[in-house]
Amino acid sequence: MRALLLLTLMSTTHLSPAQTALIDTLHAIIRSQPEATVAVAVRDPVTTTEMSLRADTVFHAASTMKVPVMIEAYRRAAKGELSLEHKLTVKNAFRSIVDGSPYSIEDDSDDAIYERLGEDMTFRELIHQMMTVSSNLATNLLIDYLVADSIQRTVDRLGAPGMRVLRGVEDLKAYERRLNNRTTARALATLLEHLRRGTAVSPAADSAMVSTMLLSKFDEMIPAGLPADVRVANKTGWITRIHHDAAIVLPPEDKAYVLVILIRDVEDHAASAALGARIARAVHAALRPPTH
């Protein structure tokens, strides 16, 4: 079982007792939910730990693919190719990547945006809705403008080819043909590590993106496992039997670290959230043990 966990320390080839204990703890937690397939990635500058469990196992990305959509928008803004104050007309009409046939968003966590159909919203507003309430409509409007191939080229340049952005949300014809957005824990951790370091676009742009992620309304997984004074800039993603959380964790008066948890094959949403929270709690205790 331990062979599934690749633990690389940037400063030494030997595991500390605390790191070995973390490996054992994670395996015990995951074994408690035997039907689950779980991937975990950690990037911590304080302990110089890079830890990955099932680092390159491919998962349906669900809404975690909204992270590179945001990065691409900010990259284009930094290049002067668009302004974040540029406006797009809100519409609920999109084209399948399979045959160009029309479809619309039927299921969304953002009700408010539908009250603005026919109105204009800025890129900044759409990004906010996409990242804080995981708006599918805002996401598709952004992808329509930015184009999936351009988003993917940026992902590849950042060294995260395990993230594949093929299309917008709810393209059922594409889904039926398994033409899905997908990711690995390693890829998501790489993108978030760029954001943490300020190397995704620029220090100012990356700080703005992290600030938006800090406003996420979904806190049932990684944030739920952490102490109340720890801030979390996260992006969740879920569909049937898929439940992810990818975060930059900001402990008080300490450097931030990256934590990615990908889970599939758990039917009950609350159960997968609780599993992820237990993993987050164990990782945080190992990386930032109480000082008292």
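Where does Glu253 lie? Select Glu253: this residue sits in the loop between β11 (242-250) and β12 (257-264). Helices (H or I, at least four residues) and strands (E, at least two) are DSSP runs, numbered from the N terminus. This is a predicted model, in which local features need pLDDT of at least 70 and side-chain atom pairs count only at pLDDT 80 or more, while totals for chains, interfaces and linings use all residues. Residues are numbered from 1 along each chain as its sequence is written, and side-chain values use heavy atoms, with hydrogens and water left out.

**Stop 1**

Although Glu253 is not a glycine, its phi is positive, at about 55 degrees. Its relative accessibility is 87%, so Glu253 counts as exposed. Here buried means under 20% relative accessible area, exposed means over 50%, and partly exposed is in between (1.4 Å probe, protein chains only).

Next select Thr48, in the loop between β2 (37-44) and β3 (49-53). Thr48 is not a glycine either, and has a positive phi of about 50 degrees. With 25% relative accessibility, Thr48 counts as partly exposed.

**Stop 2: helix α3**

Select residues 123-132, which form helix α3. How many of its 10 residues are buried? Seven are, and the helix is mostly covered. Colour Phe123, Leu126, Ile127, Gln129, Met130, Met131 and Thr132 to see the buried ones. Then show what they pack against: α2 (66-78), β5 (87-89), β8 (120-122), α4 (136-146), α8 (203-213) and β10 (231-239). Just past the end of α3, Ser134 has a positive phi of about 60 degrees.

**Stop 3: α2 and its two partners**

Axes are lines fitted to C-alpha atoms, for helices over the stretch in contact, and angles run from 0 to 180 degrees between N-to-C directions. Angles under 35 degrees count as roughly parallel, over 145 as roughly antiparallel, 65 to 115 as roughly perpendicular and the rest as oblique.

To see the contact (heavy atoms within 4.5 Å), show Lys66, Val67, Val69, Met70, Ala73 and Tyr74 of α2 with Arg124, Ile127, Met130 and Met131 of α3. By class, these residues are eight nonpolar, no polar and two charged. Ala, Val, Leu, Ile, Met, Phe, Trp, Tyr, Cys and Pro count as nonpolar, Asp, Glu, Lys and Arg as charged, and the others, Gly among them, as polar.

On the α2 side, select Lys66, Val69, Glu72, Ala73 and Arg76; on the α4 side, select Asn136, Thr139, Leu142, Ile143, Tyr145 and Leu146. This contact has six nonpolar, two polar and three charged residues.

**Stop 4**

Select α7 and α8. Their axes are 8 Å apart and the packing angle is about 115 degrees, so the pair is roughly perpendicular. In α7, Leu192, His194 and Leu195 meet Asp206, Met209, Val210 and Met213 of α8. The contact holds five nonpolar, one polar and one charged residues.

Which residues of the largest nonpolar core touch the most other members? Of its 58 residues, they are Met70, Met163, Leu192, Leu195, Ile248 and Val260. Helix α7 (residues 185-197) gives the most to this core, with seven residues. A nonpolar core is a set of buried Ala, Val, Leu, Ile, Met, Phe, Trp, Tyr and Cys residues joined through side-chain atoms within 4.5 Å.

Centre on Leu195. Leaving aside neighbours within four places in sequence, Leu195 is in contact with Val67, Met70, Ile71, Ala200, Asp206, Met209, Val210, Met213 and Ile248. Apart from this core lies another, of 28 residues, including Val38, Val249, Leu259 and Ala280.

**Stop 5: His60**

Finish at His60, in strand β4 (residues 59-60). Not counting residues up to four places away in sequence, His60 touches Arg167, Tyr175, Asn180, Asn181, Arg182, Ile239, Ile242 and His244.
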